[in-house]
Amino acid sequence: MIAQQAFSGPAGNAEEQGISRREFLKFCSFITATLALPPLYTQRVARALEGPSKIHVIWLEFQDCAGDTESFLRSSHPTPAQFVLDLISLDYHETLMAPAGKAAEASLHQAMNEAKGKYVVVVEGSIPTADEGVYCTVAGKSAVQVLQEVAKNAGAVIAVGTCASYGGLPAAAPNPTGAVGVGDLVKDTPVLNLPGCSVNAVNFSATLVHFLTFGQLPATDDLGRPLFAYGDLIHDNCPRRAHFDAGRFVQEWGDEGHRQGWCLYKMGCKGPQAHSNCPLVGWNDNTSWPIGAGHPCIACTEPGFWDTSTPFYQWMGESSLPASERPARSGTPLGVALGLGGGAIGAAAGAAVMARQKRKSAASHAAEERPDEGA
Ligand code: SF4
C-alpha cells in the first residue's frame, strides 16, 4: 500500500532528488533492521518519514576534532543533503551554518525559542570543567554554561562520539582540562550516548528515525547506549570469530595468518571487550570496517577510551576474557587445547550463545515495551 503512495513530508523531496520509491523503502527497511525492529515496522518508519514533522536539531561542538561532523557529512543513509533537507531541520551547527558571530548566536536563540521543549541537542566533543571551564568558551560563555542553557529546554540530548559520551581523548590521563561527558552535567533532560571515534552515521540516522517515529529515544544499556547498536560485543558478530574459536591467531603483521584473515586477538584486538554493531553495519556504506581491513579493534566505544585501550597493539592476555570465551592455543583445535570432551565444548559454546541471546532478548523486550506498537 505504501508503495503506491506519493511522497510527501520530510521524505517528500526524495523524488525531486532522484531517489526512487524503491530506494526510499529500501532505506526504511535498512533502518528498521538496524533498530532491531521486526520488519512490520518498516511501514511505520516510512509513514513517519513521509509525515509533516521534522526534528529540530541544535548541534553544539566543544572539545572535539569535528570527526563526528565528518561522519555525519559522509553518511549515505540518507545522504547529508537528505538529512538536512528532509529528515531534520538543522537549525544551528557552527561548522556548517552560514552565519557567524552575533548572527550565529541569534540563530541559536531563535531555534531555542521556536522549538522550545521539542528540539534535539546533538553534542560533539567533551566539556572541560577545570578552572571554571575556561578551556572552551563560546560567545563569552563556558561550554558548561552553553550546554546547560541549551539542554534545559530540549526534548532530548544525543552525545555523538566518545568524547561527548564519556570524555574520550581529552579526558585521557592526566586530563588537564577536567573533561567530562554530557551525562555528567545534564541531569534533567534525557541523554543518549552514541560513542565511537567517530560516531557511526548509520546509528545516528537510526536514532533520529526512532525519535521521529516513536517520539522517544531508543532503549539503552546502563551506560546510556542504545541496545540496537551496542547490545552485542564486537567479538560476538566478528567474521574472524571462527578463527578465534579454533585458535588461529595472527602472530605478527603481514604473516600468513594476517594474509589469511585470522583472528587479531594477540595483536591487541579489544573486540571481546567492546560493544558495537560495527561488524553488522560497517563503515563507508558497509564497504569495510577496522577488523575487516586487518586492524585490531581499539574499543573506542567504551568508557575510559583512550587510557583503557592503550597500548593498542599489546595483547591483553587471556585473563581479560571469561573462561567460556578463552581461545585455544594458537594452531590447536579448541577442545584439544582446553582438554575438553565434546560435551564440555558444547557447554562452553552454549554459555557464550546464551549470553548473546540474553542481550538480544533484552533489546527485543525493550522494543516490546514501546507504548505505541505496530505498523
Ligand atoms: Fe574478531 Fe577481535 Fe574477537 Fe578476533 S578477538 S574474533 S579479531 S573481535
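Select the ligand. The space it takes is the largest cavity. A cavity here is a set of points, on a 1 Å grid over the protein atoms alone, where a 1.4 Å probe fits but cannot get out. A molecule sits in one if more than half of its atoms lie within 2 Å of its grid points.

This is a predicted model: local features need pLDDT of at least 70, side-chain atom pairs count only at pLDDT 80 or more, and totals for chains, interfaces and linings use all residues. Residues are numbered from 1 along each chain as its sequence is written, and side-chain values use heavy atoms, with hydrogens and water left out.

**The shell**

Switch to cartoon. Strands (E, at least two residues) and helices (H or I, at least four) are DSSP runs, numbered from the N terminus. Find the open sheet of 5 strands, order 2-1-3-7-9, with parallel pairing; pairing takes at least two DSSP bridges between two strands. Neighbouring strands are turned by 25° against each other on average, direction ignored. Axes are lines fitted to C-alpha atoms, for helices over the stretch in contact, and angles run from 0 to 180 degrees between N-to-C directions.

Zoom in on strand 1 (residues 55-61). Its parallel pairing with strand 2 spans 5 bridges. Pick Trp 59: its bridge partner in strand 2 is His 93. Next, select helix 5 (residues 101-114). It lies across strand 1 and strand 2, at about 140° to strand 2. Contact means heavy atoms within 4.5 Å.

**Backbone stops**

Go to Ser 198, in the loop between strand 9 and helix 8 (201-214). The peptide bond from Cys 197 to Ser 198 is cis, omega near 10°. Thr 310 and Pro 311 are also joined by a cis bond, with omega about -5°. Pro 311 is in the loop between helix 13 (278-281) and helix 14 (334-338).

Finish at Ala 66, between strand 1 and helix 3 (67-73). Ala 66 is not a glycine, yet its phi is positive, about 70°.

Conventions:
On a 1 Å grid over the protein atoms alone, a cavity is a set of points where a 1.4 Å probe fits but cannot get out, and a pocket is an open set with protein on both sides within 12 Å along at least five of seven lines; lining residues have an atom within 4 Å of a point.
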